[in-house]
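Visitor: I'm new to this one, could you walk me through it?
Guide: Gladly; have a look first, and then ask whatever comes to mind.

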Amino acid sequence: MPLSAEHHPLAPLDAAENDMLARVQALVRDTIGPRANAANRNDEFAWDTFRTLAESGVIATAFPAALGGTEASMLLRVRIIEEIARTCSTAASLVTGTDLSSRPIVAGGSAELRAQTVPLLASGSKQSAFALTEPGAGSDLARLRTVASRHPGGYRLIGVKKFITRANVADMFVVVASLADGPGGSKGLTAFLVPRDAEGLGVSPVIPKLGWHGVPIAEVRLDDVFVPVSHRLGEEGQGMALAQDTLVRARIGHAAIALGRMSGALQIAAQYAGHRQVSGKAVGEHQGIQWMLADMAARIEAARCLVYSSAQRYDRKDPETSIHASIAKMHSTDLCMRVVVDCAQLLGGNGYLNAYPIERFLRDAKMNQIGEGTSEVHKNLIGRHVMKTASAMPQHPCLDFEPDLFGAQ
Ligand SMILES: Cc1cc2nc3c(=O)[nH]c(=O)nc-3n(C[C@H](O)[C@H](O)[C@H](O)COP(=O)(O)OP(=O)(O)OC[C@H]3O[C@@H](n4cnc5c(N)ncnc54)[C@H](O)[C@@H]3O)c2cc1C
């Protein structure tokens, strides 16, 4: 049933995974859901929600067992994120954001650095932030200007990073920079772990924003910050590869947040429409409204299949995971934006009031279309993939024209 993912055929979980999911559902029902409006009122880091997620073991699901985590499959994580996002984007983004900001350390840190930092991140006693975007470079990473110059024993970093989630509370920053004398473009990108107390690192006041309250953003300045070689993540030039794996995980996470939010919004709108009376019957008994609900339900279920199948591909290490993550992210986040707008419409004036959750869902939905690759960036990737795949396929059996009829000559 589109309103719920119970026993979904594309999300077969084992008994232990189902237990974990049931614990999350109880947490959402008893704590995260009822607290969601309050957590979103101010754009201050939602410590209460974060601690609840850490204590219940949800944060640890992103981390390897050897480093204090429980190493959940992507499929289970997607189900957890979806359930949480039905009520609270803040809580869901604390789960995905922890993964985004710590994955490069897990994947690229030396054994010693990982042992020092990852168990603290998995338990929620420390926070990290992922600093890639700059004032002049978001989608176009070739324009990144933060520079790492080799220095005896390490590197010196100079640059500015913008839009950095959790920068105001982070204990450490994953910073992606170009090597000063390395190859240009993405080949020279290298990642570093910079402690918050490193000399020369500065964090701006929190930058006000439309939604995603509870997970503030700020600017990070690196003013000739020394980083020892031990804090380089991966080899020189591997920054892009580390960022790619991190971003694929994050894209599936965004798609799951959007999926949960729009399922929650549809539930709210349908329940409201079942009670509110207009012209002698409930809003939801009018055929025009039922068609709206039907369109949303059908499209949400299609998005759910995309999200779950991309998670399964990730777990199977399918070489096509990245493009499927793009498809799931673009489809689910764009659809979510449309669904929450329609759900707000179904609530009439109440859809516009702070007292009802839909206006919050609406403000939060925009972010999923922007973060971790905008919808336009994913369209470019998918479009290029379609062209490349089609050119490698045999000619369609109904296309028996001579080549000149294609206008190719
Ligand atoms: C709330 C929030 C939290 C964030 N958290 C983080 C974080 O923790 N760490 C981090 O590093 N970054 C973070 N970001 C940054 C985010 O990833 C970028 O904003 C995003 O990648 C878009 O980059 P940009 O803002 O520079 O937009 P631009 O790249 O300047 O894009 C502007 C417009 O052009 C379009 N566009 C770009 N390229 C093309 C193209 N080739 N073809 C067609 N259209 C195109 C875009 O889709 C967009 O509509 C965050 C952003 C927000 C809003």
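Visitor: How far is the side chain of threonine 374 from the ligand?
Guide: In this predicted model, an N or O atom in the side chain of threonine 374 lies 2.6 Å from an oxygen atom of the ligand.

Visitor: And what about the backbone of leucine 132 and of glycine 138?
Guide: For leucine 132, a backbone N or O atom is 2.9 Å from an oxygen atom of the ligand, while for glycine 138 a backbone N or O atom is 3.3 Å from an oxygen atom of the ligand.

Visitor: How much of the ligand does the protein bury?
Guide: The ligand taken alone exposes 980 Å², and the protein buries 65% of that area. The space that the ligand takes up is the largest pocket.

Visitor: Which residues come nearest to the ligand?
Guide: There are 16 residues around the ligand, and those that come nearest are Phe130, Thr133, Ser139, Thr374 and Glu376.

Visitor: How does that shell divide into nonpolar, polar and charged?
Guide: The shell around the ligand has 7 nonpolar, 6 polar and 3 charged residues.

Visitor: Switching topic, which strand and which helix each supply at least two residues of the shell?
Guide: Those are strand E3, covering 154-165, and helix H10, covering 375-392; the largest share of the shell, 3 residues, comes from E3.

Visitor: Why does the ligand lie between domain 2 and domain 3?
Guide: The ligand lies between them because domain 2 (128-235) and domain 3 (241-391) both give residues to the shell around the ligand.

How values were computed. Residues numbered from 1 in each chain as written. Predicted model: local features only at pLDDT ≥ 70, side-chain atom pairs only at ≥ 80, totals over all residues. Heavy atoms only, no water. Near = heavy atom within 4 Å. Polar contact = N/O pair within 3.5 Å; in protein donor to acceptor, adjacent residues only side chain to side chain. Areas by Shrake-Rupley, 256 points an atom, 1.4 Å probe, with all protein chains shown as cover. 1 Å grid on protein atoms, 1.4 Å probe; cavity = no way out; pocket = protein on both sides within 12 Å on 5 of 7 lines; lining within 4 Å. Sits in = over half its atoms within 2 Å of the grid points. Helix = DSSP H or I, 4+ residues; strand = E, 2+ residues; numbered from the N terminus. Nonpolar A, V, L, I, M, F, W, Y, C, P; charged D, E, K, R; others polar. Domains from an automatic or database assignment.
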